[in-house]
Amino acid sequence: MMEQTKYLQDAINQAILQAKSDRVEFVCPEHLLVGLMLQEPFKHSLFYESGADEKVFTESLYAYLAHMERVPQGIRYELMLSSQMNRMMSTALEYAIGAETAHLDVPHVVNAMLYLEDSMAHDLIEKTIQCSKGELISSLTDAYEWEADMDEMFESEETGQEPWRQFVTCMNDHLAERNPLIGRQDELERTIQVLCRREKNNPLHVGESGVGKTAIVWGLAALLESRKVPERLRGFHIYELDLGSLIAGAQFRGDFEKRLKAIMEGIQKEGNAIVYIDEIHNLVGAGQSGEGAMDASQMLRPYMEDGNIRFIGSTTYQEMNRYMNKQRGLMRRFQQIDILEPSKEETVKILEGLQKKYEQYHHVEYEEGVMEYAVEMSAKYISDRYLPDKAIDLIDEAGAMAEMKNKRKRTSKPSIIDKKEISDVLTKICKINAEALKSDDNSKLQNLTKRMMKQIYGQDEAIRQVVTSVEMSKAGLLDEDKPLASLLFVGPTGVGKTEVAKVLAKELGIELVRFDMSEYTEKHTVAKLIGSPAGYVGYEDGGLLTDAIRKNPNCVLLLDEIEKAHSDIYNILLQVMDYARLTDNRGNKADFKNVIVIMTSNAGAQFAGQASIGFGKGMSAGEAMLQQVKKTFKPEFINRLSGTVVFNDMDSTMAKLILDKKLNQLKAKLKVKNVQMKLKPRAFDFLLEKGFTRQYGAREMDRIIRKLLSPLLMNEILYGSLKEGGTAIIDLKDNILVLN
């Protein structure tokens with residue numbers, strides 16, 4: 001027989017007592033209901049959750065019991081289970097076995113009760129509940145599981161540990177596990193000063209994530225243990241409140257309040273206590289079960305006013321403004337202490353103080369100068385986090401990487417960590433993939449211009465300007481608060497503006513992030529780049545541009561055909577070109593410091609043909625367009641560009657080189673099919689004649705190759721003599737390309 005839970009046994013015992021008291025011959029399901037009515041989980045699920053009227057339910061149940069046939073006084077009888085009770089318990093047992101549970105519990109029995117025929121217990125529950133049977137059983141299951149967990153928790157009192165202690169951590173007892181506090185003397189002294197006050201002796205540390213708010217509290221705990229504090233604070237202990245565990249599972253009315261009250265009374269009884277609440281803004285609204293109900297912050301106010309328990313809170317400026325400033329009564333009881341990001345010099349001292357700990361932990365040695373390098377690089381490249389946290393992460397990760405390599409080599413000697421290891425870690429964290437930028441060897445950067453000129457013809461000046469911007473960045477001669485470059489490419493269509501951006505990204509080994517600005521011609525579409533305002537469709541999606549840069553902080557950003565975008569786009573770009581920052585609709589910043597911004601423009605394309613007419617004679621199409629560009633874009637926009645690159649018109653020499661390149665690309669594709677292609681000179685000249693136009697540039701060549709040459713090869717590869725490979729000789733006959 002399956003074992004019954006304590007709650008089911010109690011309910012059955014109560015049912016037997018009720019039946020004996022009423023002097024009835026049989027224990028019925030209705031008697032069991034009386035036993036269940038005394039249990040808090042059952043009452044909560046039936047009356048609070050399902051909406052049943054407790055008074056009506058109770059009166060109906062006892063009225064039914066009052067009309068049951070009684071055994072006269074003086075007659076001895078043996079109490080038995082009714083046939084309905086037996087049937088109900090058998091069905092409940094089947095449910096428990098089917099659910100593969102270890103014990104027969106109240107929800108199994110109530111579920112069986114709901115399917116009894118000609119039963120007052122069944123009819124009474126079904127008529128009064130305002131939810132489905134399934135919802136009621138689900139609520140009962142949760143309620144009894146929670147009650148069992150709470151019983152188990154309070155049994156811990158027998159082992160000598162008070163229940164409230166599982167929701168707090170005494171920081172004084174765990175100092176050996178933590179890093180020592182280095183620096184921050186002013187903030188620490190201010191915290192001690194507030195704690196020594198007679199009233200409002202609760203410090204509130206406010207600062208960005210990672211600046212060391214929690215570290216200051218650990219530093220205070222260390223001072224308390226070493227008794228290097230004023231007499232008033234000697235013997236104090238700091239208890240960190242685990243708000244997550246406190247809220248978890250507190251799903252029934254009153255559970256959260258009971259827990260919090262038990263913790264506060266336990267700490268108060270302990271005496272000489274400071275309660276530390278990390279992310280204290282979570283107190284606002286915590287445990288609130290309905291409108292008008294008290295939340296955790298309101299429940300703690302009496303203890304704050306009493307003054308026997310001191311509180312230290314920590315939060316960020318954003319969360320404080322969003323949640324805590326609404327609770328003026330709570331904020332009045334705290335003294336705000338600003339925890340600012342430490343300077344680079346202060347962070348170096350912090351890292352040097354932690355160096356020995358990390359060397360022992362990872363069994364490594366950090367070379368001299370590595371700490372300064374880690375601080376410098378993290379400050380430069382990790383923009384969405386703060387010192388000292390991001391610098392500590394670098395040396396910790398480098399140590400972990402070296403430790404893994406040591407295990408593979410099976411050597412007992414400590415690894416030496418130099419700047420290269422820090423750079424490798426930084427590459428992974430920040431996605432700085434540009435080999436030319438991250439390597440100490442500048443050879444790849446030195447021949448970047450030549451490599452690009454081999455792939456793009458006739459635009460040498462454009463390539464030089466782009467590469468110069470990259471070189472200036474590597475040399476550290478650019479303003480750190482601006483993108484690597486902000487370039488505007490001007491020229492007629494098909495001369496290689498977009499191609500330069502593609503080749504640059506490929507040669508640097510970084511992503512090309514492209515936006516077609518013709519998609520942002522309407523005013524409302526511009527909002528998609530940084531995210532829609534609150535209350536508008538798409539607010540949850542974030543910004544397309546800001547998200548793309550956060551994913552690829554080191555990239556070539558190509559804004560194609562910028563003149564087609566709505567004028568509001570220029571206001572966004574002014575911020576990018578000035579400060580290399582862009583804030584999305586949620587206040588999150590995207591960093592453009594390691595981005596090469598390239599904008600292409602065909603503005604004034606209609607004037608390009610007038611370049612050699614009248615007063616414009618001798619002027620290139622690009623230069624004619626540049627004059628129109630200056631009229632199209634605002635002066636403040638043009639003034640913030642690091643360069644405006646005018647692309648040369650297409651000429652016959654350039655056209656030959658481009659045709660060669662396009663044909664070589666086609667040959668590479670044919671090689672996969674084991675096909676070689678050879679063009680006779682007259683066939684080459686024919687393609688050049690048809691494909692070279694000043695108006696459409698290189699794009700016309702692509703069209704001519706796809707239209708006149710590719711179909712010939714396609715038919716032979718699919719259906720003809722080149723199925724198994726071979727050599728295709730392209731010739732010209734009667735002004736038509738033919739394949740031999």
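**Entry 1: a pair of helices**

I began with α9 and α10, which are roughly perpendicular to each other. I sort angles this way: under 35 degrees is roughly parallel, over 145 roughly antiparallel, 65 to 115 roughly perpendicular, and the rest oblique. This is a predicted model, where local features need pLDDT of at least 70, side-chain atom pairs count only at pLDDT 80 or more, and totals for chains, interfaces and linings use all residues. I number residues from 1 along each chain as its sequence is written, and side-chain values use heavy atoms, with hydrogens and water left out.

Helix α9 spans residues 185-195 and helix α10 spans residues 213-225. They pack at an angle of about 65°, and their axes are 10 Å apart. Axes here are lines fitted to C-alpha atoms, for helices over the stretch in contact, and angles run from 0 to 180 degrees between N-to-C directions. I noted that the crossing of α9 and α10 is right-handed.

Which residues of α9 and α10 make the contact? From α9 they are Glu187, Leu188, Thr191, Ile192 and Leu195, and from α10 they are Ile216, Gly219, Leu220 and Leu223. Contact means heavy atoms within 4.5 Å.

**Entry 2: the whole chain**

I looked up the totals next. The protein chain has 32 helices and 20 strands. Helices (H or I, at least four residues) and strands (E, at least two) are DSSP runs, numbered from the N terminus. Buried residues make up 46% of the 740 residues in the protein chain. Buried means under 20% relative accessible area, exposed over 50%, and partly exposed in between, with a 1.4 Å probe and protein chains only. I also looked at contacts between residues at least 6 apart in sequence: 73% of them join residues at least 24 apart.

**Entry 3: an open sheet**

I found an open sheet of five strands with parallel pairing, in the order β12-β13-β16-β11-β17. Two strands pair if DSSP finds at least two bridges between them. The edge strands β12 (511-516) and β17 (643-646) each pair on one side only. Neighbouring strands of the sheet are turned by 20° against each other on average, direction ignored.

I followed β13, residues 555-560. Val556 of β13 is the bridge partner of Leu512, and in β16 the partner of Val556 is Ile596. Leu559 stands opposite Met599 in β16.

Why is β13 largely enclosed by the rest of the structure? Six of its six residues are buried, so the strand is largely enclosed. In a regular strand the side chains alternate between the two faces of the sheet. I checked this strand: Cys555, Leu557 and Leu559 point one way from β13, and Val556, Leu558 and Asp560 point the other way. Helix α26 (residues 544-551) lies across β12, β13 and β16, running at about 175° to β12.

I then picked Ser486, in strand β11 (residues 485-490). Is Ser486 buried or exposed? Ser486 is buried, with a relative accessible area of 3%. Not counting residues up to four places away in sequence, Ser486 touches Met577, Val597, Arg640, Leu641, Ser642 and Gly643.

The largest nonpolar core has 44 residues. Such a core is a set of buried Ala, Val, Leu, Ile, Met, Phe, Trp, Tyr and Cys residues joined through side-chain atoms within 4.5 Å. Leu32, Leu33, Leu36, Leu46, Met88 and Ile125 touch the most other members. Elements giving two or more residues include α1 (6-22), α2 (29-37) and α7 (120-128). α1 gives the most, with six residues. A second, separate core of 34 residues includes Phe515, Leu545, Phe633 and Leu641.

I went back to α2 and α7. They pack at an angle of about 50°, with axes 8 Å apart, and are therefore oblique to each other. Pro29, Glu30 and Leu33 of α2 meet Met120, Ala121 and Ile125 of α7.

**Entry 4: one more serine**

Ser314 lies in strand β7 (residues 309-315). Ser314 is buried, with a relative accessible area of 0%. Ser314 and Val206 are 108 residues apart in sequence, but 5.8 Å apart in space, C-alpha to C-alpha. Leaving aside neighbours within four places in sequence, the contacts of Ser314 include Leu204, His205, Lys213 and Tyr276.

Note on methods
Left-handed = near helix turned anticlockwise from the far one by under 90°.
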